[in-house]
Amino acid sequence: MKRRFYAIVSGLSFFAATQLYAQSAPSKNWFRQSVSVIEQQLKGAAATFTPGLNPRSVNPNGTVRTAPYTDWTTGFFPGSLWYGYELTGNKDLATSARKFTLALDSIRYVTKTHDLGFMLYCSYGNAWRITGDKMYLPVLEDGAQHLYQRFSPKTGVIRSWDFGDWKFPVIIDNMMNLEYLYWAGTQFKKPVYSQVANTHALTTMKHHFRKDYSSYHVVDYDPVTGKVRGKETHQGLTDESAWARGQAWGLYGYIMCYNNSGDARFLQQAQHIARFIMTHPRMPKNKIPVWDFDAHNALDADGRAPRDASAAAVIACGLLDLSTKVKDGKIYADYAEDILEALSSPDFLAAPGDNHYFLLKHSVGAFLYNSEIDTPLNYADYYYLEALKKYAALKKIALPLQ
């Protein structure tokens, strides 16, 4: 079984992979119903919030926490509007997406974060992909250059943060920003960008993962020698625990790196991480993980460990991509489908007009800092929408813009 689970079929086309699942496609009622809710929620959000101050989460007092352009999450809401437009065909969502995207123009001058992929590729990147309008390119070009400049040949990685007591911190989340560099390397004819993305992924694979393929959150490097100074957490339960969203970032990050580079080592790494997640004994029955896989002893005031819908949505994205690249992809596709059906149920998907117009309920930002616990999160919504798009492509569900 393990041999089959890890089997790799190089060059398997997306079309061929989708054929594997066509005969077992379930009812799509939950998908259509979810898209209807999505359209209503995103229209309400676009009419409620102000471009440049994007909805991020909900505060404990019931008010919405908004994100200025410098916030690492600020690109997700415009990106959600773009995805909403693709899923529904509603042109009003495209108009709103354009407004909320262009309000982030000043991110092109931000240099002190690795999160430029989240901030720009999710907003401006989707705008360019969908519209082909060249007005989005100058901002994307500036942002990619600034992300590239955070790479150190000595450490072999891109620096994540410019705060704290670390010397050269790198977080597993950084894997997600590599897609921006791969794309920019091709778009702007800068192959060095793709080379840096590959190097970062290989270095991270060497130092961030344990023997069971769970991931540390933070690895601190010595900027002079390039050696690892320490491995710890900033958002997980303990330094040695498996923070759920961190595992999700790693899974999706490595299958994305494989998609862009063709390096089979990245595909194998994604499979290893997927196996850790999918076979974990503490994964709940509905496949929506708690915020940390080891958090069964760290409970909230109600005596439970909060679920993290954001981690589940990212896992679904990674598994759907992985399902198209291997022989036994149905294992991954079925698991992702279970996640999406759970997220699309009333337990997680908000009713129209509720949840301050966020889509999903029950995510966790940073539990240890009592920040964004059991709340909507804009990146949970973004990756939920991205996963639905991938699912529609896999299952050949016609979308309005096709």
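The model is predicted: local features need pLDDT of at least 70, side-chain atom pairs count only at pLDDT 80 or more, and totals for chains, interfaces and linings use all residues. Residues are numbered from 1 along each chain as its sequence is written, and side-chain values use heavy atoms, with hydrogens and water left out.

**Exercise 1.** Determine which residues Asp 381 touches.

*Solution.* 
1. List the contacts, meaning heavy atoms within 4.5 Å: leaving aside residues up to four places away in sequence, Asp 381 touches Ser 80, Phe 358, Leu 359 and Leu 360.
2. Examine Leu 359: its backbone nitrogen lies 2.9 Å from a polar atom of the Asp 381 side chain.

**Exercise 2.** Describe how the rings of Trp 72 and Phe 76 are arranged.

*Solution.* 
1. Recall the criterion: rings of Phe, Tyr and Trp (its six-membered ring) pair if their centres lie within 6.5 Å; planes under 30 degrees apart count as stacked, over 60 as edge-to-face and the rest as tilted.
2. Apply the criterion: with 5.9 Å centre to centre and 90° between the planes, Trp 72 and Phe 76 form an edge-to-face pair.
3. Widen the view: both residues belong to one aromatic cluster, whose members include Tyr 83 and Trp 249.

How values were computed: A polar contact is a pair of N or O atoms within 3.5 Å; within protein, one must be able to donate a hydrogen and the other to accept it, and residues adjacent in sequence count only if both atoms are side-chain atoms.
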